[in-house]
Amino acid sequence: MRVIYLDCFSGLSGDMTLAALVDAGADKDYIEQELAKLNIEPFSLQWRRVQKNGISALKLDVLPDPEQPPKHHRHYSDIARHIAESGISERAQQLAQAIFQKIAAAEAKIHGIPVETVHFHEVGAIDSIVDVVGIALAIDSLEIERIISAPVPLGSGTVRCDHGIYPVPAPATLEMMRGLPVAPSSHRVELTTPTGAGVVAAIVNDFSEGMPSMVVDAIGYGAGTRDLPNQPNVLRVVVGSIESYLPVWQTHHEIAGHIHEHDHTHAYPHTHDHEHTHDHGHTHDHEHSHDHSHEHDHSGGHTHSHDHSLDHENDHARDHSHNNHHEHGRNHHHEHSHSHDHDHSHHEHKHNDPH
């Protein structure tokens with residue numbers, strides 16, 4: 001499964017998202033060719049590399065034709081119609097329509113009007129339309145099947161818009177992020193725009209505080225316009241796949257966990273005879289005798305026998321007798337017999353522990 005992870009530690013906007021996707025490998029020529037099908041005012045795209053606090057990132061600017069200035073206000077219904085009539089791929093249409101529908105629903109709620117009558121100001125400008133449709137085309141180009149995002153920092157402070165000075169996050173941005181994870185930020189600026197929030201609310205499938213389990217194929221950085229103190233104002237997009245690492249894991253898992261059939265017979269008693277005398281001085285007598293006899297029947301047949309006798313000084317007296325019989329799925333036959341004799345002197349008490 002092809003996935004992307006939106007590592008939005010500095011928030012996101014439409015132009016940052018499209019630039020990051022192209023930097024991560026989306027087909028820029030295909031995107032520009034398909035965007036030209038939109039029945040809107042003429043425009044061109046400028047792509048350039050910039051430095052953001054030491055990170056090289058791709059910056060996108062949508063440049064209108066100075067001879068035909070773009071409209072600043074558009075109704076949601078007009079934008080939806082332009083997308084439907086564009087002739088771009090069905091999947092790109094669905095993604096772009098979903099993003100604009102989310103933004104329109106939030107604006108309708110904020111202003112207390114029906115969705116059909118919503119008209120966009122900043123979001124209705126040509127650059128926002130190009131950003132949203134371009135993002136949909138980039139995701140289509142990369143053949144992404146699932147989109148995962150980090151919790152989204154929204155910013156704080158105030159922002160100036162057509163209606164005046166608004167708090168950050170802007171009302172529509174905050175409305176779209178209802179029910180979705182947001183992250184704190186110390187920067188008193190708008191980090192996530194309404195277009196960025198629309199992308200997250202409409203097309204993100206999952207959220208993850210850290211990198212999800214995936215095989216990383218490509219990484220892209222999309223630059224924002226402003227510079228942030230002590231932090232690169234970029235969106236990082238990580239493109240990868242989920243299934244490609246699973247066969248490796250499964251193979252390792254099968255090797256590590258091959259099936260054993262065990263038949264264990266344990267003959268205890270552990271007889272612990274303890275005689276303890278404490279004078280702040282300890283006398284420990286240990287006698288361990290181990291008799292191991294192993295019979296292995298592989299296809300070649302092996303016989304091993306081991307005798308160990310150990311003398312230790314410690315504090316326990318045990319009598320163990322174990323008979324273990326193991327049958328493995330690989331034609332192994334093991335017979336073990338162990339006997340341990342321990343003599344302990346320590347306090348004056350005796351007990352038999354059946355264990």
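Colleague: Where is the place of methionine 211 in this structure?

Modeller: This is a predicted model, in which local features need pLDDT of at least 70 and side-chain atom pairs count only at pLDDT 80 or more, whereas totals for chains, interfaces and linings use all residues. Residues are numbered from 1 along each chain as its sequence is written, and side-chain values use heavy atoms, with hydrogens and water left out. Elements are DSSP runs numbered from the N terminus, helices being H or I with at least four residues and strands E with at least two. In these terms, methionine 211 sits in the loop between β11 (206–207) and β12. Its C-alpha atom is 9.2 Å from that of isoleucine 148, although the two residues are 63 apart in sequence.

Colleague: Is methionine 211 buried, partly exposed or exposed?

Modeller: Buried means under 20% relative accessible area, exposed means over 50%, and partly exposed lies in between (1.4 Å probe, protein chains only). Methionine 211 has 43% relative accessibility and therefore counts as partly exposed. Isoleucine 219, found in strand β12 (residues 215–223), is also partly exposed, since its relative accessible area is 44%. Leucine 154, by contrast, lies in the loop between β7 (152–153) and β8 (158–161) and is buried, because its relative accessible area is 6%. The C-alpha atoms of leucine 154 and alanine 170, which are 16 residues apart along the chain, are separated by 9.0 Å.

Colleague: Which residues form a nonpolar patch on the surface?

Modeller: Patches are made of residues with over 30% relative accessible area and no salt bridge, like charges being joined within 9 Å and nonpolar side chains (Val, Leu, Ile, Met, Phe, Trp, Tyr) within 5 Å. Here Met211, Val216 and Ile219 make up such a nonpolar patch, and together they have about 250 Å² of accessible area, computed by the Shrake-Rupley method with a 1.4 Å probe and with only the protein chains shown as cover.

Colleague: How many salt bridges does a search of the whole structure find, and which residue forms one with arginine 2?

Modeller: A salt bridge is a side-chain nitrogen of Lys or Arg within 4 Å of a carboxyl oxygen of Asp or Glu. The search finds 14 of them. Arginine 2 pairs with aspartate 217, with the closest N and O atoms 3.0 Å apart. Arginine 2 belongs to strand β1 and aspartate 217 to strand β12, so this pair ties together parts that are 215 residues apart in sequence. Both partners are partly exposed, arginine 2 at 26% relative accessibility and aspartate 217 at 46%.

Colleague: Which residues are linked in a network of salt bridges?

Modeller: The network links Asp15, Arg48, Lys59 and Asp61. Within it, arginine 48 meets aspartate 61 with closest N and O atoms 3.2 Å apart; this pair links strand β2 (residues 43–52), which holds arginine 48, to strand β3 (residues 55–64), which holds aspartate 61, the two residues being 13 apart. Arginine 48 is partly exposed at 36% relative accessibility, whereas aspartate 61 is buried, with a relative accessible area of 19%.

Colleague: What lines the largest cavity?

Modeller: On a 1 Å grid over the protein atoms alone, a cavity is a set of points where a 1.4 Å probe fits but cannot get out, and lining residues have an atom within 4 Å of a point. The lining consists of Ile4, Leu6, Thr17, Leu21, Ile135, Ile139, Ile147, Val199 and Ile203. Two or more of the lining residues come from each of β1 (2–7), α1 (14–23), α5 (126–142) and α7 (194–203). By class, eight lining residues are nonpolar, one is polar and none is charged, where Ala, Val, Leu, Ile, Met, Phe, Trp, Tyr, Cys and Pro count as nonpolar, Asp, Glu, Lys and Arg as charged, and the others, Gly among them, as polar.

Colleague: What joins valine 168 and proline 169, and which phi does asparagine 53 have?

Modeller: A cis peptide bond, with omega of about 0°, joins valine 168 to proline 169, and proline 169 falls in the loop between β9 (164–167) and α6 (171–176). Asparagine 53, in the loop between β2 and β3, has a positive phi of about 50° although it is not a glycine. Asparagine 230 likewise has a positive phi, of about 60°, and lies in the loop between β12 and β13 (234–241). Asparagine 53 is partly exposed at 43% relative accessibility, while asparagine 230 is exposed at 80%.

How values were computed. 1 Å grid on protein atoms, 1.4 Å probe; cavity = no way out; pocket = protein on both sides within 12 Å on 5 of 7 lines; lining within 4 Å.
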